[in-house]
Amino acid sequence: LSYFFGVEVVTLAHLDRHMYILGYIPQTNRVYLVDKRIQVVSYTLHLSIINYQTAILRKDFETASKILPKIPDDHRNRIAHFLESQGLKEEALDVSLDPDHRFELAMQLGKLDVAQDIAKLGDSEQKWKILGDAALSAIPAQFSLAEESMVSAEDLSGLLLLYTSTGNKDGMLKLAKLAQEKGKFNISFISYFLLHRLDDCLDLLCASGRIPEAAFLARTYLPSQVSRIVKLWREDLQNVNQKAAEALADPMEYSNLFPDLNLALTAEKIFGATNERGLDSAKNYLESKGNLGRNLVDELKQMNEEEIAHLLSQHSSENDELVAENGDDHNNVSHNDNIKSSTSTPTTTTPTLTPGTYSSSPLISGVRSPSTPSTPGTPATPTPLTPGYGQTNYISVVPTTGTTTLETDALETKAETKTETEIPSTP
């Protein structure tokens, strides 16, 4: 059963048998049909709909606007689709009562504010994602709307792209915490890392069970934390392999296996103020790019004690100013009393975190006999292996300076292939 107006044909109903039209009664807005068995069937057909569609085809919008209030609400969506087919999307948006249809029309028309209101009513994750992408593609881009949309859609990857592109430090910190709560540790880690919050990076790796990665992060950027992380690594590894756990050397106990450890600690103490100051402006890149390839340990080797003491004093003053400006913040606390100078002897005390960047150096391993343990701060003297005693290999994690790449390949190096001295053979 169909009706037509102008050149348009509209299907009213699909009939399952041959029927004959009896007539149309305007008072009831129904068309009546009968079959060969004299069974009468009626279908609703509002005359106002036909008159409205006819006025639209004639481009008589004034008359159509007068007829529209007479059309029942349950037929509005049908009229909206008709208007859309005629290319009248603005009018269709005003007429439609279907939130999904209205959202599609608003997006097609570029009315992002209308689409935002519709998305708030439905709270659909898919709608928010579409709206966020459209806000970024708009000219000019609507960053605030894009951020709201991505937060509502929990699009953490999109937020990471948005915040890094716009240099939104506060947004990055919120994203890091949100991603950690949602279990998206990769996004949380890169957010903390870009913010130079290395302490949070370490805590995140440990909390997520990535203690070996935490050890190498500390080895490269926070040598003062290596001892603490190695102890955690030992405890975690004991549940899997006791011998492997014993093969991890604590730099505070076996300093002879960690050359330049004191220099690395001093470098962390001196140059960590750069990270504590926070992120630098992008316009200063040309002045700061020379720092990216610096080898801080080599620089300290070429200095005398007076120059190093001057740098330490200067760093202490900068830290005091920083604490006065920012208060007792997580990454702005001075750790002068916790990190030993280059002339001191490492102890078993675990220093407090201080962010810094340090360059890489080869992993060095040593071997000791269980019968003659090394004294902290003194070189380990290998002794001949005696019958009945096993050999324990200690893998050293060497703190390093100046690169932004974590060296994870060092774990694959077997301790028994690299030793400080050759162990005499046992008869």
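Predicted model: local features only at pLDDT ≥ 70, side-chain atom pairs only at ≥ 80, totals over all residues.
The account begins with a strand pair. Strand β1 covers residues 2-5, and strand β2 covers residues 8-11. The two strands run antiparallel and are joined by four bridges. Within this pair, Tyr3 stands opposite Val10 in β2. β1 and β2 form a hairpin, with two residues between them. Gly6 lies in the turn and has a positive phi of about 60 degrees.

Salt bridges come next. The structure holds eleven of them. One joins Asp35 to Arg17, with the closest N and O atoms 2.9 Å apart. Asp35 lies in the loop between β4 (30-34) and β5 (40-44), and Arg17 lies in the loop between β2 and β3 (20-25), so the pair ties together parts that are 18 residues apart in sequence. Asp35 has a relative accessible area of 6% and is buried. Arg17, at 35%, is partly exposed. Asp16 belongs here as well: Asp16, Arg17 and Asp35 are linked in a network of salt bridges.

A salt bridge also forms between Glu125 and Lys129, where the closest N and O atoms are 3.5 Å apart. Both residues sit in helix α7 (residues 125-137). They are four residues apart, so about one helical turn separates them. Glu125 is partly exposed, at 45% relative accessibility. Lys129 is partly exposed too, with a relative accessible area of 33%.

Arg210 and Glu213 provide a further example. Their side chains meet in a salt bridge, at 3.0 Å from N to O. Arg210 is partly exposed, with a relative accessible area of 39%. Glu213 counts as partly exposed at 27% relative accessibility.

A search of the whole structure finds three aromatic pairs. One of them is formed by Phe189 and Phe193. Phe189 and Phe193 lie four residues apart in helix α11 (residues 185-194), so about one helical turn separates them. Phe189 is buried, at 19% relative accessibility. That value falls under the 20% cut-off for buried residues. Tyr221 extends the group: Phe189, Phe193 and Tyr221 form one aromatic cluster.

Helix α12 covers residues 198-207. Seven of its ten residues are buried, so the helix is largely enclosed by the rest of the structure. The buried residues are Leu198, Asp199, Asp200, Cys201, Leu202, Leu204 and Leu205. Gly209 follows α12 and has a positive phi, near 80 degrees.

Phe103 takes part in two spatial relationships. Lys127 lies over the face of the Phe103 ring, at 5.8 Å from the ring centre. The C-alpha atom of Phe103 is also separated by 6.4 Å from that of Ile118. These two residues are 15 residues apart along the chain. Ile118 belongs to helix α6 (residues 112-122). At 6% relative accessibility, Ile118 is buried.

His101 lies in helix α5 (residues 99-109). His101 is buried, with a relative accessible area of 4%.

Leu286 lies in helix α17 (residues 285-288). This leucine is exposed, with a relative accessible area of 63%.

Conventions. Residues numbered from 1 in each chain as written. Heavy atoms only, no water. Phe/Tyr/Trp six-rings, centres within 6.5 Å; stacked < 30°, edge-to-face > 60°. Buried < 20%, exposed > 50% of the residue type's maximum accessible area, 1.4 Å probe, protein only. Lys NZ or Arg CZ within 6 Å of the ring centre and 35° of its normal. Pairing = 2+ DSSP bridges. Salt bridge = Lys/Arg side-chain N within 4 Å of Asp/Glu carboxyl O.
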